[in-house]
Amino acid sequence: MGKNVDYKQFEQFKKKLEKTLSDDSRQKFMEDCAKELAARLLSRVIKRTPVGKEDGGTLRRGWTGGNENVSDKGGVIGVGGKSGQAASQINVVYHNGEYRCAIFNPVLYASYVEYGHRTPSHDGWVDGQFFLTISENEVNALAPALLEKRLMEYMKEAFK
């Protein structure tokens with residue numbers, strides 16, 4: 001009455017699944033997803049950042065996802081207006097169960113343009129432009145669909 005069952009295919013599938021979903025593979029997947037979201041944010045915020053009449057684009061060039069770029073004289077160099085250059089500098093760090101990356105602008109007046117400020121004479125207010133806030137909200141809205149798509153692609157590798 002007993003029948004022999006061949007488990008070879010199950011063992012092969014198990015090995016393939018373990019290889020595809022290994023710790024290193026999962027970590028790389030998570031870092032790649034974090035980098036992609038950060039690069040999208042960086043691209044959007046660079047495009048949306050205003051170029052002033054006096055500074056000639058210092059604020060726009062200041063965006064980075066890496067380390068601050070400061071000249072020998074202490075001025076901000078930035079990463080340039082091309083989002084690809086800035087995105088290549090994005091550092092992803094795993095900390096307390098989260099993958100984190102920083103997108104920042106070290107230009108001293110960036111927060112004043114973002115959130116608004118008093119006029120130099122202190123008798124008025126210049127409204128903020130919220131270029132980072134708006135860009136962040138857009139990326140947060142598209143993140144679930146993007147991550148689901150990336151996860152489906154990642155899982156398909158295990159089931160090939």
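By buried I mean under 20% relative accessible area, by exposed over 50%, and by partly exposed in between, with a 1.4 Å probe and protein chains only. What we have here is a predicted model, in which local features need pLDDT of at least 70, side-chain atom pairs count only at pLDDT 80 or more, and totals for chains, interfaces and linings use all residues. Residues are numbered from 1 along each chain as its sequence is written, and side-chain values use heavy atoms, with hydrogens and water left out.

Let me turn to the salt bridges, where a salt bridge is a side-chain nitrogen of Lys or Arg within 4 Å of a carboxyl oxygen of Asp or Glu. By this rule the count comes to 8. One of them joins the side chains of Arg 48 and Glu 138, at 2.9 Å from N to O. Arg 48 lies in helix 2 and Glu 138 in helix 6, so this pair ties together parts that are 90 residues apart in sequence; helices here are DSSP runs of H or I with at least four residues, and strands are runs of E with at least two, numbered from the N terminus. Arg 48 is partly exposed at 32% relative accessible area, and Glu 138 is partly exposed at 28%.

Glu 153, at 40% relative accessibility, counts as partly exposed. Through salt bridges that share partners, Glu 36, Arg 40, Arg 150 and Glu 153 are joined into one network.

What, then, lines the largest pocket? Its lining has 17 residues, and Cys 33, Ala 34, Leu 37, Ala 38 and Cys 101 lie nearest its centre. A pocket, on a 1 Å grid over the protein atoms alone, is an open set of points where a 1.4 Å probe fits, with protein on both sides within 12 Å along at least five of seven lines, and lining residues have an atom within 4 Å of a point. About 340 Å³ of space lies in this pocket, the volume being the space filled by probe spheres set on grid points joined across faces, edges and corners. Helix 2 (23-48), strand 2 (98-100) and helix 6 (131-158) each supply at least two lining residues, and helix 2 gives the most, with 7.
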